[in-house]
Amino acid sequence: MKYRLERGETWACPNANGLIFECHQGSLWLTVTGDPKDSVLTLGDRFCVEGNGTVVVQALEPTLFAIVDPKFASEMAKQRRRELEWRQSRAKGWNVLYRP
């Protein structure tokens with residue numbers, strides 16, 4: 001799921017254990033209850049939540065971020081890999097049949 005926040009806006013997610021936060025645009029400050037370390041994510045950064053705390057994010061500028069469930073991401077990656085293998089096998093067959 002993707003979320004857009006304007007500068008200064010906050011968003012919270014309880015029981016976020018195992019979720020992955022990805023920054024797609026801008027930058028955001030991220031903190032997890034019970035974790036003394038905070039993080040700042042910028043374009044391309046990822047953060048995996050460990051523990052059942054609540055995650056609070058605040059946009060440091062207009063920001064687009066995504067939350068990924070690793071189980072779902074794993075299934076999507078498998079599907080993409082199968083599709084790529086199928087396309088590659090079709091391309092090989094095409095080259096063999098129609099080689100100039």
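Me: Two strands pair if DSSP finds at least two bridges between them, and strands themselves are DSSP runs (E, at least two residues; helices are H or I, at least four), numbered from the N terminus. With that settled, what makes the order 1-8-3-6 an open sheet of 4 strands, and which strands stand at the edges?

Reply: Bear in mind that this is a predicted model, where local features need pLDDT of at least 70 and side-chain atom pairs count only at pLDDT 80 or more, while totals for chains, interfaces and linings use all residues. Residues are numbered from 1 along each chain as its sequence is written, and side-chain values use heavy atoms, with hydrogens and water left out. Now the sheet: the pairing along 1-8-3-6 is antiparallel. Strand 1 (2-5) and strand 6 (46-48) each have a single partner strand, so one side of each has no neighbour in the sheet. The twist averages 25° from one strand to the next, taken between axes that are lines fitted to C-alpha atoms, with angles running from 0 to 180 degrees between N-to-C directions.

Me: How do you know that strand 3 and strand 6 pair?

Reply: Count the bridges: 3 of them join strand 3 (residues 20-25) to strand 6. The rule asks for at least two, so the pair qualifies. The two strands run antiparallel, and I20 stands opposite C48 in strand 6.

Me: What is the order of the other sheet, and how are its strands paired?

Reply: That one is also open, with 4 strands in the order 2-7-4-5 and antiparallel pairing. Strand 2 (10-13) and strand 5 (39-42) have a single partner strand each, so they are the edges. Inside, strand 4 (residues 27-32) and strand 7 (residues 55-59) pair over 5 bridges, and T31 stands opposite V56.

Me: Why is C23 called buried, and C48 partly exposed?

Reply: Buried means under 20% relative accessible area, exposed over 50%, and partly exposed in between (1.4 Å probe, protein chains only). C23 has 3%, so it is buried; C48 has 42%, so it is partly exposed. As for disulfides, the count is 0, the test being a pair of cysteine sulfur atoms within 2.5 Å.

Me: What makes the pair of F21 and F65 stacked, and the pair of Y3 and W11 tilted?

Reply: A pair of aromatic rings is described by the distance of the centres and the angle of the planes. Rings of Phe, Tyr and Trp (its six-membered ring) pair if their centres lie within 6.5 Å; planes under 30 degrees apart count as stacked, over 60 as edge-to-face and the rest as tilted. The search finds 4 aromatic pairs. Y3 and W11 have centres 4.7 Å apart and planes at 40°, so that pair is tilted. F21 and F65 have centres 6.2 Å apart and planes at 20°, so that pair is stacked. F21 lies in strand 3 and F65 in strand 8 (residues 63-68), so the pair ties together parts 44 residues apart in sequence. F21 is buried at 1% and F65 is buried at 0%. Y3, W11, F21 and F65 form one aromatic cluster.

Me: Where does T54 lie, and why is it partly exposed?

Reply: T54 lies in the loop between strand 6 and strand 7. Its relative accessible area is 25%, so it counts as partly exposed. The C-alpha atoms of T54 and T33 are separated by 5.5 Å, though the two are 21 residues apart along the chain. Contact means heavy atoms within 4.5 Å, and beyond its neighbours within four places in sequence T54 is in contact with residues including A12, P14 and T33.
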